[in-house]
Amino acid sequence: MIVYVDNNATTKIADEVFEAMKPFLTDYYGNPSSMHTFGGKIRRFIDKARESVASLLGAESPSEIIFTSCGTESDNTAIISTLRSFPNKKHIITTKVEHPAVLSLCKYLETIGYRVTYLNVNSQGQLDLDELSYSIQSDTAIISIMYANNETGVIFPIQEIAEIARQKNVVFHTDAVQALGKIDFDLKKIPIDLVSISGHKIHAPKGVGALYIRKGTKFSPFILGGHQEEGRRGGTENVASIIGFGVACELAKKYMEEENKRVKYLRDKLENSILEKIPNTRVNGDRINRLPNTTNISFEFVEGEAILLMLDQKGICASSGSACTSGSLTPSHVLRAMGVPFTFLQGSIRFSLSRYNTEEEIDYIIETLPHIINRLREISPYVK
Amino acid sequence: MWEYTDKVKELFLNPKNAGEIENPDAVGEVGSIICGDALKLTLRIDKKTGIILDAKFKTFGCASAIASSSALTEMIKGKTIEEASKITNKDIADYLGGLPKEKMHCSVMGMEALEAAIANYKGAQQKKETLAEENIICKCFGVTERKILRAISENNLKTVEDVTNYTKAGGGCGKCKPQIEKILKEYWEKQVKSKEEDKGKKLTNLEKISLIKETIEREIRPNLRIDGGDIELVDIELNKVYIRLLGTCLGCPAGGFTIKEFIEKKLKELVDKDIIVEEVK
C-alpha cells in the first residue's frame, strides 16, 4: 500500500487531466505557431487553457497569463523582468522563508550589486508588516513574498502586503505555487502585480507553470526567443501540459470549497491524533492562517530522515526539514527562521494531503507513526 | 533519496546492540543534537585480557548514523582494546558496503566515539576543555583543525567538499571554507615536499620494485582502464621496466605515446628519474 501525503512536493495527475492531454501527445502534435490548419488549430486549445488559469486566479483578462516551464521559471522571470524594467533601482525585499526559487536568485543578485532585505518571521512563521513598511526604500524595485509557505503551510496576509506595496508604488510579486487551488484568491480584489504558479502542485503534470502579469506592469522577457506568448516568453509551447494545466485549474475551481473542507478535516484529524498519541510533539507554524492540507510536526529527540525511512518502509510518503534529508548539513531555513527549539529542529515531518487521500489512509498513518517514534526514541541518547 | 546499501538499511531497520550497558567499563559520547547527530557508546571490558565483551550504542541521527553505530559495535565485540583502537572510519564504511559520500561523517562519528570510550577506559580524562584550547575552524559544528587534518590524511581528501562530507566542517554558514582550503593546500604541499625528500634517498631494489608496482596499480592502471585498456608488469631490470599493454591499448596507434608520455613519465616522477619503460610484444 502506498499512502501519498507529500502533495506539497508534487501531486498525482488527475484522470480528467490525463485524458484531456492524450490527443495532444498523439494525433494533435502540430506546432501552434504554424500557418497550416493542422498546427494552427491547436492555438484555440491553448487559449482555452489560458482562460481557465485566468479564471481560477480571478484575472481581468487571459492575456495577463503567460505559460512557463515551472514555478521556478515564473519566479525568476518576475524578479529579473522587474529589475530590468527599473535599472536604477537596486533594492529587493523578500523573506527569510521563501522557496529556494526566490532565495537562491536573491543570493545571486547580491553578488552582482543588488541589496536584499530578508524579512524575519516570528515563532508562528508570521511576518511583521511594520518591518515590511520601514524596509521599503526609495530604490526598492520589487517586493517578493510568497502566498503560502511550502514547508509549514503558513499563509501570509497577502492582501495587506499588496496594499502596502501599492501605496509605496513598488512592484509586488508573490510565489503562489502552494496557495493555488487551496485558497480562493481573486486578483480583481488583491492588487498583486506578478503571481507565480505551477501545474504539478494541482494535479497537472510537471514541466508547466505560469506567470500572471497584471495589465500595465512593466515587463521584459526572461527567456528570449520566438514570438510565443506574445513575445513575452520564447520557446515552443509545452502544448499537452498546458492543456492539462487548464483542466486542472477548472477542477480546482470546481472542487476547491468542498474538497478543502474534507481535506482540512483529514489534516486536523491526523494532526490532533498525533499530538494526542505521541508526547513531546509540536506543530510548527501558525495553525489558524494555514493551508488546509499541510501540517508540519516535530518530534523531540529524534531525527527526521530516520522517521521518513521508517515511514517509507510502511509505504507512507512524507517529507522532512531535517538536515540529513536535504544533503546539506543544516536543517530547514524556514524552521530556523521561526526559531523552532533545537531539540525539535531535526525531527520535523511534513504531511501534505490532497483531495485523493482517504480517511483509511489517515487512520493508517495514525496507527503506524507512534511505533516508529517510540522505536527511534528508544535508541536516542537524549531519551532516558 | 539516498542510495543506501542493503547492509545500511538492515542495520538501520534492525539495529544490533542498541541500548546502554549498565555500569559500563567505558563510555564514549560524541556529537550533539544541535549538530544533527550524536552517539553514546558504552562498553563492557574484561579487565584481565582487555577484550571487549559487550558494546551498546544509543544514537540520535539519520539512518546512516544509526547503521554506522550499530556496525561499530558489531566490529569491536570480541576484540581487545588494542585491536579495536586500530579501527578507522574507513573500516566502518567498508563494513557497511560503503556510505554516500555526503554521509561519511557518520562513520567518522563512530570512530570518534570509540576513541573517546577507549580514552575513558584508560583513565585519561575526556577533556571537554580540549576543544577550547584547540584551533576551532568550523564554528557552526565545532570542528578543530586537528580533526580536519586527520580526516584529510586518513581518507586522502582533496577538496573542501570532501572535508565537509567527512567532518561537517564548512557545512553550516560556510564562512570557514577559505580556511579549509588553506589547510588542504598546506597539507598537500607538505606531502609533495616530503615525497621529494624521500626521492632524494636511494631506494633499495626491493623498495624500488614495490614502488613501481604500487605506482602502476594506483596511478597508471585506473587511467588506462577508463579507455578500456590495461597493463601487465612483465619484469624489472635495474631501471628498465618491461610491460605489456592489454585491452584496447593493444595495437592502439597511440600505444607508443602512452608508454613514453604517460607510463614512463609517471614512473620517472614518482619512482626514479632514470626509469626507462620498454614494451614487450
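Trainee: How many residues of chain A are in contact with chain B?
Mentor: 19 residues of chain A are in contact with 20 residues of chain B. Contact means C-beta atoms, placed from the backbone, within 7 Å. This is a predicted model: local features need pLDDT of at least 70, side-chain atom pairs count only at pLDDT 80 or more, and totals for chains, interfaces and linings use all residues. Residues are numbered from 1 along each chain as its sequence is written, with chains lettered from A and ligands numbered from 1 in the order in which they are written.
Trainee: Which element gives the largest share of chain A's side?
Mentor: α10(A), with 4 residues. Helices are DSSP runs of H or I, at least four residues, and strands are runs of E, at least two, numbered from the N terminus.
Trainee: New topic. How do α9 and α14 of chain A pack?
Mentor: Helix α9(A), residues 239-277, meets helix α14(A), residues 359-378, at about 15°, with axes 10 Å apart. Axes are lines fitted to C-alpha atoms, for helices over the stretch in contact, and angles run from 0 to 180 degrees between N-to-C directions. That angle makes α9(A) roughly parallel to α14(A), a label for angles under 35 degrees.
Trainee: Which residues of α9(A) make the contact?
Mentor: Among them are A:Leu266, A:Leu270 and A:Ile274. On α14(A), they include A:Ile362 and A:Leu369.
Trainee: And the whole chain? How many helices and strands does chain A have?
Mentor: Chain A has 14 helices and 13 strands. Its C-alpha trace spans about 70 × 55 × 35 Å along the principal axes.
Trainee: What share of chain A counts as buried?
Mentor: 50% of its 384 residues. Buried means 20 or more other C-beta atoms within 10 Å of the residue's own, with C-beta atoms placed from the backbone.

How values were computed. Angles under 35 degrees count as roughly parallel, over 145 as roughly antiparallel, 65 to 115 as roughly perpendicular and the rest as oblique. Two residues are in contact if their C-beta atoms, placed from the backbone, lie within 7 Å. A residue is buried if 20 or more other C-beta atoms lie within 10 Å of its own, exposed if 12 or fewer, and partly exposed in between; C-beta atoms are placed from the backbone.
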